Amino acid sequence: MNYQDIIRWLKCPPGPEVYPLRDRADQIRQQYVGDAVHLRGLVELSNICSRNCLYCGIRRDNQAITRYRLTADEVLDCARKAVDFGFGTLVLQGGEDPGLSKDFIGELISLIKSETNLAVTLSLGERKVDEWAAWREAGADRYLLRFETSNSQLFNYIHPPRDGHAPCDRISMLKTLQSLGYETGSGVMIGIPGQTYEDLARDIELFGELSLDMIGVGPFIPHPQTPLGAGQVSDAGIDQVPGSVEMGLRVLALARIVCPGANIPSTTAFATLDRQAGREMGLCWGANVVMPNLTPLQYRKLYEIYPSKAASTETAEESRDAAFRQIEHLGRTPGSGRGDSPHHLQQT
Ligand code: SAM
């Protein structure tokens, strides 16, 4: 799959002409990672964020949301639920919250690890190398940091650096995470205002070049309390990629083809844009992971990175039941154990 092939698939008309892409991705998914669908319990740890990303509903300047941070006890309750539900992994995601200190997260990881056999995935944004190293030392297994777009000009625009700092280089951060021994994941949003098909094709090539263990992709969903959601960006004159489920599924399939042994979730953005079929479609276009939400119900709606996020009014039990139902409906099997990335296991 070279750059020109990727462009051809991204630009091919919707409908039957694109089905061979889905079928190839599904066949590669089955060959490399099998029929098991791994379940990760998602815990949205904090919606406090010191960054001001133009796309994200929990950005610093959004005054319209109530901020929260879970206590260690609340997170441990979620970990116990994950064990009860038969999940192998806990994913701790949050804003770049200074309150999620090196020590707090380190102790949390140690507590989870002393009580359970869960794998721990962190998705806490751009942090200092000594924090990443300490968390790895405490037992964290995986780290997710999307590079969002490989177009560095666009990235620096939608993701302003911290005041007085140089632009962020998430590619070199991903290499640091790999060197620390993390199973490393990245990904992009599809349909960012200003994103072209050429940008997206380059993103997909980069997944392969970075030799990622996990890839998370999903359509960009405008949030009205953000500059990108309020239409403050003009995309006139460019071949704008749509932020549709249809385009997202193509990117998911292409990611599977360039990184056959990676773990790839059918992300919440697909389920948000198509409540009925979004998650199942992701699983048919190359995904092998789902992430039912375990965040305590009273906080769910507050982690509003985009509006009407799927599962924001469900209990943890309802999220679990829906995931199992969908897996069964597709004739697939729920994964057992930690569900480490076959690509990572092969490298180590
Ligand atoms: N702060 C961490 C970070 O930046 O990696 C983790 C939390 S951040 C909210 C997780 C992901 O949400 C981002 O990587 C981004 O791709 C996605 N996201 C944020 N706003 C979004 C939007 N409006 N539409 C789709 N995805 C969005």
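The model is predicted, so local features need pLDDT of at least 70 and side-chain atom pairs count only at pLDDT 80 or more, while totals for chains, interfaces and linings use all residues. Residues are numbered from 1 along each chain as its sequence is written.

Ile 105, Leu 108, Ile 109 and Ile 112 are the buried residues of α4 (buried means 20 or more other C-beta atoms within 10 Å of a residue's own, exposed 12 or fewer, partly exposed in between, with C-beta atoms placed from the backbone). Seen down the axis of α4, these residues fall within an arc of 100°, so they line one face of the helix (the arc is that of the directions from the helix axis to the C-beta atoms). An α-helix has 3.6 residues a turn, so residues three or four places apart point the same way. On the face turned away from the buried side sit the exposed residues Asp 103, Ser 114 and Glu 115.

What do the buried residues of α4 pack against? Their partners are α3 (72-84), β2 (89-94), β3 (119-123) and α5 (129-138) (contact means C-beta atoms, placed from the backbone, within 7 Å).

Now follow β2. Five of its six residues are buried, so β2 is largely enclosed by the rest of the structure. Six bridges join β2 to the parallel strand β1 (residues 36-46), and Ser 46 stands opposite Gly 94 in β2 (strands pair if DSSP finds at least two bridges between them). Five bridges join β2 to β3, again in parallel, with Gln 93 opposite Ser 123 in β3. Together, β2, α4 and β3 make a right-handed β-α-β unit (with the strands pointing away from the viewer, the path from the first strand over the helix to the second runs clockwise).

Finally, look at Ser 308, in the loop between α12 (297-300) and α13 (316-329). Ser 308 has a positive phi of about 55° although it is not a glycine. Ser 308 is exposed, with 10 other C-beta atoms within 10 Å.

Notes. Helices (H or I, at least four residues) and strands (E, at least two) are DSSP runs, numbered from the N terminus. Two residues are in contact if their C-beta atoms, placed from the backbone, lie within 7 Å.
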